[in-house]
Amino acid sequence: MSEPPSGSGPHAFEPENDATPAPSKRNAPKLDLSRPQWRQRLDEEQFRVLRLQGTERAFTSPLYLEQRPGTYACVGCGEELFSSEAKYESGTGWPSFFQAIEGRVETQQDYHMAVPRVEYHCVRCGGHHGHLFKDGPEPTGLRYCNNGTSLKFIPRDASSPG
Ligand SMILES: [Zn+2]
């Protein structure tokens, strides 16, 4: 059987840095990797979308039809971005949400097209996820149009509640 680790190295103590962070907003440490590191970590399509602001072809992601309760996390860093409660069928061919988990995505203007759009990305790793439109359903009226390849679905029963 597995033995407990004995004497876990010279740095087994916690550093005494007890400046307690504000409890209101959880700030996961940023994941800041180089381009070669991202290439290693992601597959080709994930790299193209997340790091080069690509867009997957519509109706290609299995997550488009995913309906189970759970959480959608960033495939680049694991940050949880959307709850299944905010997912809806938009008819666009991309997984769509009317709300992101608070503080998990950041938006910026995207000038790649003639008509500027609002792109959004994971706050933790900066990975591009999709574009934000104002034609979503109530209660927000927003549509987070997300590339499925940027997301990892975590079914709820995999992580026991409470
Ligand atoms: Zn991320």
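**Figure 1. The nonpolar core of the predicted model.** A nonpolar core is a set of buried Ala, Val, Leu, Ile, Met, Phe, Trp, Tyr and Cys residues joined through C-beta atoms within 7 Å. A residue is called buried if 20 or more other C-beta atoms lie within 10 Å of its own, exposed if 12 or fewer, and partly exposed in between, with C-beta atoms placed from the backbone. This is a predicted model, in which local features need pLDDT of at least 70 and side-chain atom pairs count only at pLDDT 80 or more, whereas totals for chains, interfaces and linings use all residues. Residues are numbered from 1 along each chain as its sequence is written. The largest nonpolar core has 18 residues, of which Cys74, Leu81, Ala100, Cys122 and Tyr144 touch the most other members. Two or more residues come from each of β1, β2, β6 and β8, and β1 gives the most, with 3 residues. Helices (H or I, at least four residues) and strands (E, at least two) are DSSP runs, numbered from the N terminus.

**Figure 2. Surroundings of cysteine 122.** Two residues are in contact if their C-beta atoms, placed from the backbone, lie within 7 Å. When neighbours within four places in sequence are left aside, the contacts of cysteine 122 are Cys74, Gly76, Cys77, Glu79, Leu81, Val105, Gly127 and His129. In this list, Cys74 and Leu81 are also among the core residues that touch the most other members, as is Cys122 itself.

Figure 3. Two strands pair if DSSP finds at least two bridges between them. The strands of this open sheet follow the order β3-β4-β8-β7-β6-β5, with antiparallel pairing. Its edge strands are β3 (87-88) and β5 (105-110), each of which pairs on one side only. Between β5 and strand β6 (residues 117-122) there are 6 bridges in the antiparallel sense, and here aspartate 110 stands opposite arginine 117 in β6.

**Figure 4. Strand β8 and its two partners.** In a regular strand the side chains alternate between the two faces of the sheet. In strand β8 (residues 143-146), Arg143 and Cys145 point one way while Tyr144 and Asn146 point the other way, and all are buried. Strand β4 (residues 96-97) pairs with β8 in the antiparallel sense over 2 bridges, and strand β7 (residues 128-133) pairs with β8, likewise antiparallel, over 4 bridges. Tyrosine 144 is the bridge partner in β8 of phenylalanine 97, and tyrosine 144 is also the bridge partner of leucine 132.

Figure 5. Strand β2 (residues 80-83) is joined to β1 by 3 bridges, and threonine 71 stands opposite serine 83 in β2. The two strands β1 and β2 form a hairpin with 5 residues between them, and glycine 78 in the turn has a positive phi of about 90°.

**Figure 6. Backbone exceptions in two loops.** Most residues other than glycine have a negative phi, and most peptide bonds are trans. In the loop between α2 (44-52) and β1 (70-74) lies glutamine 53, whose phi is near 55°, a positive value; glutamine 53 is partly exposed, with 17 other C-beta atoms within 10 Å. Phenylalanine 59 is placed in the loop between α2 and β1 and has a positive phi near 65°, and phenylalanine 59 counts as exposed because it has 11 C-beta neighbours inside 10 Å. Glutamate 138 and proline 139 are joined by a cis peptide bond with omega of about 10°, and proline 139 belongs to the loop between β7 and β8.

**Figure 7. Confidence along the chain.** The average pLDDT (the predictor's confidence in each residue, from 0 to 100) is 87 for the protein, and 80% of the residues score at least 70. Over residues 6-24 the pLDDT is below 50, and beyond near neighbours in sequence this stretch has 1 contact in the model.
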